[in-house]
Amino acid sequence: MIFLNGKYLSKDDAKISVMDRGFLFGDGVYEVIPVYQKKIFSLEEHLQRLHANLQELDITNPYDNSEWENIFTEIIKHSSFEQEAIYLQVTRGVMNTRTHYQENLYPTVFVESNKISNRDNNEIYAGYSAITEKDERWSKCHIKSISLLANVLSIKNAKKNNVEEVIFIRDGVITEGASSNVFIVKNNQVFTHPKNNLILPGITREISIRILQDLNIEVFENSFTEEEMMSADEIWITSSTREILPITSVNSKKIQSGKAGPLWEKVYLSYQSIKNG
Ligand code: PDD
């Protein structure tokens, strides 16, 4: 069952207009919110980011937080997944005539839930591979825009190269992954790109920083170069659907021993206990 513009429908019965600005211009934003054993994880932070994104686009938030929560609760009541991710999308709405900008439309709202597959523990501890690419996205990457063509083309490359993620480099520094944030560890200090217009302010990034602070591990929101990443002790990526994953090879080169590192394990286990708590 999905939610579309006030109605709960089967996916096959859900239809949107060809004049929807999301379809014609990619004019909208989205959120992905993890749900573990039917419990919505970090709901408030995701709704806060959604609200900020809608404000930036000048789209009125169609629901308040409790209305959003009711919709999500109804959707997950009808799913049969142990771990899932709510996907929600808000577009500026439906026009009469194709025109680059039009205001005062009713936003189109779509909500569904998708299974998050369980990863095998041995696979996670063995670590994942990544490749680097020039960050050719625009300079408003803090907006969770549904216009994801640059990311789509990079993820296409990741699939072709059989790697977990593409790590972006802009003006010599690592920004983030095609659908994740990036952390490195050097001499027990952790670094991740500062929150600005060049990265999505990931909720999992925020949770990881909080975990690190609670563990009294030094964490710096400072950018780092590709060279610094390649000689780092550990690399991790974070996202709502992938949690915190170790990257042990980049551009076919092993990172140190090529195994998941001890700091990653600490943060990963803390995240597991928070999510199961
Ligand atoms: N992507 N950076 C980018 C470009 C992303 O697309 C994502 C998440 C993140 C991590 O954000 P968070 O921790 O809030 O999930 C960072 C989602 C999962 C997606 O597009 O499906």
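Let's start with helix α5, residues 149–160: at 1.5 Å a residue, its 12 residues should span 16 Å, and the end C-alpha atoms are 17 Å apart, which agrees. Keep in mind that this is a predicted model.

**Helix α5**

- Asn151, Ser154 and Ala158 are the buried residues of α5.
- These three cover an arc of only 65° around the axis, which puts them on the same side of α5.
- As a reminder, an α-helix has 3.6 residues a turn, so residues three or four places apart point the same way.
- The packing partners of the buried residues are β7 (128–134) and β8 (165–170).
- Turn to the other side of α5 and you will find Leu149, Lys156, Lys159 and Lys160 exposed.
- After α5 comes asparagine 162, which has a positive phi, near 60°.

**The ligand and its surroundings**

- The ligand is surrounded by 19 residues, and the closest are Tyr30, Glu176, Ile203, Thr204 and Ser240.
- Serine 240 places an N or O atom of its side chain 2.7 Å from an oxygen atom of the ligand.
- Isoleucine 203 has a backbone N or O atom 2.8 Å from a ligand oxygen atom.
- For serine 180, a backbone N or O atom lies 3.5 Å from a nitrogen atom of the ligand.
- On its own the ligand has 480 Å² of accessible area, and the protein covers 89% of that.
- β3 (28–36), β9 (173–177), α6 (203–214) and β13 (234–239) are the elements that each give two or more residues to the shell around the ligand.

Terms used:
Residues numbered from 1 in each chain as written. Predicted model: local features only at pLDDT ≥ 70, side-chain atom pairs only at ≥ 80, totals over all residues. Heavy atoms only, no water. Helix = DSSP H or I, 4+ residues; strand = E, 2+ residues; numbered from the N terminus. Expected span 1.5 Å × (residues − 1). Buried < 20%, exposed > 50% of the residue type's maximum accessible area, 1.4 Å probe, protein only. Arc of directions from axis to C-beta. Contact = heavy atoms within 4.5 Å. Near = heavy atom within 4 Å. Polar contact = N/O pair within 3.5 Å; in protein donor to acceptor, adjacent residues only side chain to side chain. Areas by Shrake-Rupley, 256 points an atom, 1.4 Å probe, with all protein chains shown as cover.
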